[in-house]
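Let's take a walk through this structure. Have the sequence and the 3D view ready as you read.

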Amino acid sequence: MQQPQFAATFDADRSEQFGNRLVDLLNQMGLALMLGIGHETGLLDVLARLPPTSSAGIAQAAGLHERYVREWLACLVSAAVVEYAPASQTFALPVEHAVWLAHSQPDFTPGGAFPGAAILAEAFACLMEVQPQVMACFRRGGGVPYSAYSRFHALMAQERNALFDRILLPSVLPLVPGWGKTLERGAQVADFGCGRGRVLHLLAQAYPHSHFTGYDISPPEIAQAQTEAEQMGLVNTRFRLADVAGLDVAGVYDYALAFDAIHDLAQPEQALRAIARSLKPGGSLLMQEFAASSRLEENLDHPLAAWLYAQSVLYCLTVSLSQGGAGLGCMWGKERALAMLAQAGFGAVEVKRTTADPYSDYFLARLSTEA
Ligand SMILES: C[S@@+](CC[C@H](N)C(=O)[O-])C[C@H]1O[C@@H](n2cnc3c(N)ncnc32)[C@H](O)[C@@H]1O
């Protein structure tokens, strides 16, 4: 490599290490795209249930074209995800890998805290469809609207559903002492920015004496939430199309939820005030956000920081800015969240964590009883 002008201080080892990281990056990018395809086509699930099998056998079991499957397998073998036996020309997905990657296997218990990696890889690849529009926003400002994202929402819902199915009742609900008992007796609960409604579906099924209302600004999300509630035969849920910030509901709910939503909103301060207003005196909000600091320098050890900041650029930040919004970004962090909750009138806030969802902070924010 040609030495730059400041050669006296140029650390060749450091530069080479960085170059090696970039080589690794290219390999990981290739793997990420192929994992996404493996999830979407069902290839990962097929591999998980097959013994060592030829590419033709895998392709047949998946109902796919062998030539594509063979090239895909070659990528996964090169990346040490799939094992290859040259003598028999067979491929196998080790069970230790399958537990992280094979989402549709009912008999597979996810092996770790982050089993949605293949779905997320696919979702992330989908974000590239808006990359030209986001780049234009770097130049002219503004943002990319929700309507520009075609497959991203469905994929994120898949990943979130898999997560909530696994952790909501056994690990998240116990973070809020007393809620379970009140829900058993009968309570009014609202989910703000509910998306496709999985959280409320699960709660409504578990607590038939309580009533659950979901609010979201997106018509397709509300329609899907309603359809799934009907399919599940739920009679204690309702889903409403609304901008949380403009909601005029007062003193109705015992509990409010806002999962992975507040940072996306155009007007998060107004939304938190509207949520506070919607609660009965003494009511509380459980808000889930990515566990992060509001200070960049404190996030440098976060294992997913670069990925989350990138997701923020390509989605969270830009959807908010497209509405002239605050543009908090998904790494807005605990300090800012606590300040905003206090401003909205939540007197006491505790930050809760669960090992079942190690990348999240759960803010339990209570209204004072005089509110
Ligand atoms: C990242 S999704 C989270 C969905 C769900 N709560 C979850 O945890 O999977 C954020 C949701 O907030 C909704 N949203 C964004 N702005 C909103 C607003 N002003 N009022 C209501 N919902 C909004 C979006 O449509 C989207 O469904």
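Around the ligand sit 16 residues, and Arg-160, Gly-193, Asp-216, Asp-243 and Phe-259 come nearest; a residue counts as near if one of its heavy atoms lies within 4 Å of the molecule. Keep in mind that this is a predicted model, where local features need pLDDT of at least 70, side-chain atom pairs count only at pLDDT 80 or more, and totals for chains, interfaces and linings use all residues. Residues are numbered from 1 along each chain as its sequence is written, and side-chain values use heavy atoms, with hydrogens and water left out.

Here are some polar contacts, meaning pairs of N or O atoms within 3.5 Å:

| Protein atom | Ligand atom | Distance |
|---|---|---|
| Arg-160, side-chain N or O | oxygen | 2.7 Å |
| Ala-242, backbone N or O | nitrogen | 3.5 Å |
| Asp-243, polar side-chain atom | nitrogen | 2.8 Å |

On its own the ligand has 590 Å² of accessible area, and the protein covers 90% of that (Shrake-Rupley method, 1.4 Å probe).

Now look at Thr-53, in the loop between helix H2 (43–49) and helix H3 (55–62). Is Thr-53 buried or exposed? Thr-53 is buried, because its relative accessible area is 14%, and buried means under 20%, exposed over 50%, partly exposed in between (1.4 Å probe, protein chains only). Its side chain reaches the backbone oxygen of Pro-51 at 2.4 Å. Leaving aside neighbours within four places in sequence, Thr-53 is in contact (heavy atoms within 4.5 Å) with Ile-58, Gln-89, Thr-90 and Phe-91.

Leu-22, by comparison, counts as partly exposed, because its relative accessibility is 38%.

Notes. Helix = DSSP H or I, 4+ residues; strand = E, 2+ residues; numbered from the N terminus. Polar contact = N/O pair within 3.5 Å; in protein donor to acceptor, adjacent residues only side chain to side chain.
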